[in-house]
There are 2 protein chains.
Amino acid sequence: MEIHAVRPQGRERRGLGTANPEVRRRLLKAAVKIIREQGFPALRIEDLVREAGFSVGTFYLYFNGKADLFVNLTVEHTQWLRGRLRASYQGEGTTLERLARALDVYLDFVTEAEAGFLHFLESGHVQTTAGPLSAWAMAQHAADLRPVLEEGMRRGELRQEDPELLAHAVIALNQSVAGFWLQHKDTHARQRIKQFILTFVTSGLAPPP
Amino acid sequence: MEIHAVRPQGRERRGLGTANPEVRRRLLKAAVKIIREQGFPALRIEDLVREAGFSVGTFYLYFNGKADLFVNLTVEHTQWLRGRLRASYQGEGTTLERLARALDVYLDFVTEAEAGFLHFLESGHVQTTAGPLSAWAMAQHAADLRPVLEEGMRRGELRQEDPELLAHAVIALNQSVAGFWLQHKDTHARQRIKQFILTFVTSGLAPPP
C-alpha cells in the first residue's frame, strides 16, 4: 500500500521511472538504525544517505522529505506488526490467551522500535494521503482485533458489546500504557505491564469475586 | 500557572509591563468562538483581534503566536475542567458513582469544546515550558483521579492495583473513546458511550457473572 505525507517538508519528490525496492529498503534500514540511536528529530538526511551509501538526490527519488520518510517507516512497521498480531490471534486457545499472545508481540514491537514508537505517539497525526497517520494505524489494528473479539463474544468468553468500540478501546489502551511504560521503564517491569493491561482489559477495576 | 509554547511560530512576544487580565480574557474568548465555528487550523490572528476589538500588536503582547495561544487555551480549559472533575470526585457515593459523575462532566466538556478538543488530540504534543502539552494535561488529570482510586481500593470497591498506572489508563481510555465518539456521533449516542466507558472501566471484557 502506498501512502505518502501530505504537504511534504523540503523538496518535491522527483518521479521515478523504475523504483528499486532494494534501494528503498536500504534507505529505510539506515533510517531505523539512526532513529534507534538518536531519535527521529535528530535524524538528518545527509547522515541517512551516508549510512545507506547513496546520495541525497537518491533519497528524494524515494521520499518527499523527512515527514514522508516517517510515514513510510510507520506504514512498513504497521504492516509488519499486523502480520505478527494476526498470527497470534489465529492460534489455539481462549480469547484471553490470544490477547495475551498478541500483547507479547506488541510489547516486543514497542521495545524494539522504542524511539520510533515514541515519536509516533508524539507526532503520529501527520496528514497523509490516507488521512492522519495515527488514525490510519489505529483503524488497521482495530479491524484486525475486531473478529477476535466477535468470536470471543460468540463463545461466551466476553460480554456482548459493540465490537468496533471495544476494539478501538483495547488498542488505544495498549498504545497508551505501552507509551507510559517506555517512559517509566525503571519503575515498571515488562511482566508487570503485561499483567496490568491483561487484567484491566479482562476485568477493569472490579475486585476479585 | 504560566505555561508557554516553546519555539513559537511567528513574532517574539514583547515584554508586558502590566498585563491586563481583561484583555487576555477577551482574546481567549474570541479564540474560543472562532475555533468553535471554524476549527483551530483555520483561525487567523487578524480575525481573532478583529473579533476581540484589539490590534494585532496587542495580541503579541499576550501570546507568542498561534501555537502559544493554543497552549494558553489548553491550560485554561484544563484548569477549568480539573475544578469541575475534582468537585464530582468529592461528592457522596461509591467510587463507581463518582466515576460516573466525573464522566458526565468530561463528556459535557468535550462536547462543548469539540473542535478545540479534537485539535488537542491531534496536535496536543506541542512542546511547552512544562514539557509536551498533552503529557502535562494527562498528568494533571491522573494526579486528581489517583486519590479517588486509592480510596476505592481502601473501601474494597476496586481491586488492589498500582494507582498511578490505573489512573493513567482510565484517563487515556476516556480521552481516546471520547475522541472516537466525536468522530462517530451519528452512530453512537452519548448515553451509549458513557455506559460503554463505565462498563469497560469497571468490568473490562468479562461476561456478566
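Me: Is the crossing of α1(A) and α2(A) left-handed or right-handed?

Reply: This is a predicted model, in which local features need pLDDT of at least 70, side-chain atom pairs count only at pLDDT 80 or more, and totals for chains, interfaces and linings use all residues. Residues are numbered from 1 along each chain as its sequence is written, chains are lettered from A and ligands numbered from 1 in the order in which they are written, and side-chain values use heavy atoms, with hydrogens and water left out. A crossing is left-handed if the near helix is turned anticlockwise from the far one by less than a right angle, and right-handed if clockwise. By that convention, the crossing of α1(A) and α2(A) is right-handed.

Me: Which orientation class describes α1(A) and α2(A)?

Reply: The axes of α1 (residues 21-38) and α2 (residues 45-52) of chain A come within 9 Å and cross at roughly 120°. Axes are lines fitted to C-alpha atoms, for helices over the stretch in contact, and angles run from 0 to 180 degrees between N-to-C directions. Angles under 35 degrees count as roughly parallel, over 145 as roughly antiparallel, 65 to 115 as roughly perpendicular and the rest as oblique. The pair α1(A) and α2(A) is therefore oblique.

Me: How many residues in the contact of α1(A) with α2(A) are nonpolar, polar and charged?

Reply: On the α1(A) side, the residues are A:R26, A:L27, A:A30, A:A31, A:K33 and A:I34, and they meet A:D47, A:L48, A:V49, A:E51 and A:A52 of α2(A); contact means heavy atoms within 4.5 Å. Ala, Val, Leu, Ile, Met, Phe, Trp, Tyr, Cys and Pro count as nonpolar, Asp, Glu, Lys and Arg as charged, and the others, Gly among them, as polar. The division for α1(A) with α2(A) is 7 nonpolar, no polar and 4 charged.

Me: Are α4(B) and α5(B) roughly parallel or roughly antiparallel?

Reply: Helix α5 of chain B covers residues 95-112, and its axis lies 8 Å from that of α4(B), at an angle of about 155°. This angle makes α4(B) and α5(B) roughly antiparallel.

Me: What are the class counts in the contact of α4(B) with α5(B)?

Reply: Among the contributors from α4(B) are B:H77, B:W80 and B:R84, while α5(B) supplies residues including B:R98, B:V105 and B:F109. Sorted by class, the contact of α4(B) with α5(B) has 8 nonpolar, 3 polar and 3 charged residues.

Me: Which residues does B:E76 contact, leaving aside its neighbours within four places in sequence?

Reply: B:E76 belongs to α4 (residues 66-90) of chain B. At 37% relative accessibility, B:E76 counts as partly exposed (buried means under 20% relative accessible area, exposed over 50%, partly exposed in between, with a 1.4 Å probe and protein chains only). Beyond those sequence neighbours, B:E76 is in contact with B:R24 and B:L28.

Me: Is A:N174 buried or exposed?

Reply: A:N174 is part of α8 (residues 163-182) of chain A. Not counting residues up to four places away in sequence, A:N174 touches A:L103, A:Y106 and A:I197. With a relative accessibility of 14%, A:N174 counts as buried.

Me: Which residues does B:A167 touch, not counting residues up to four places away in sequence?

Reply: B:A167 is located in α8 (residues 163-182) of chain B. Its relative accessibility is 1%, so B:A167 counts as buried. The residues that B:A167 touches are B:A142, B:L145, B:R146 and B:L149.

Definitions and conventions
Helices (H or I, at least four residues) and strands (E, at least two) are DSSP runs, numbered from the N terminus.
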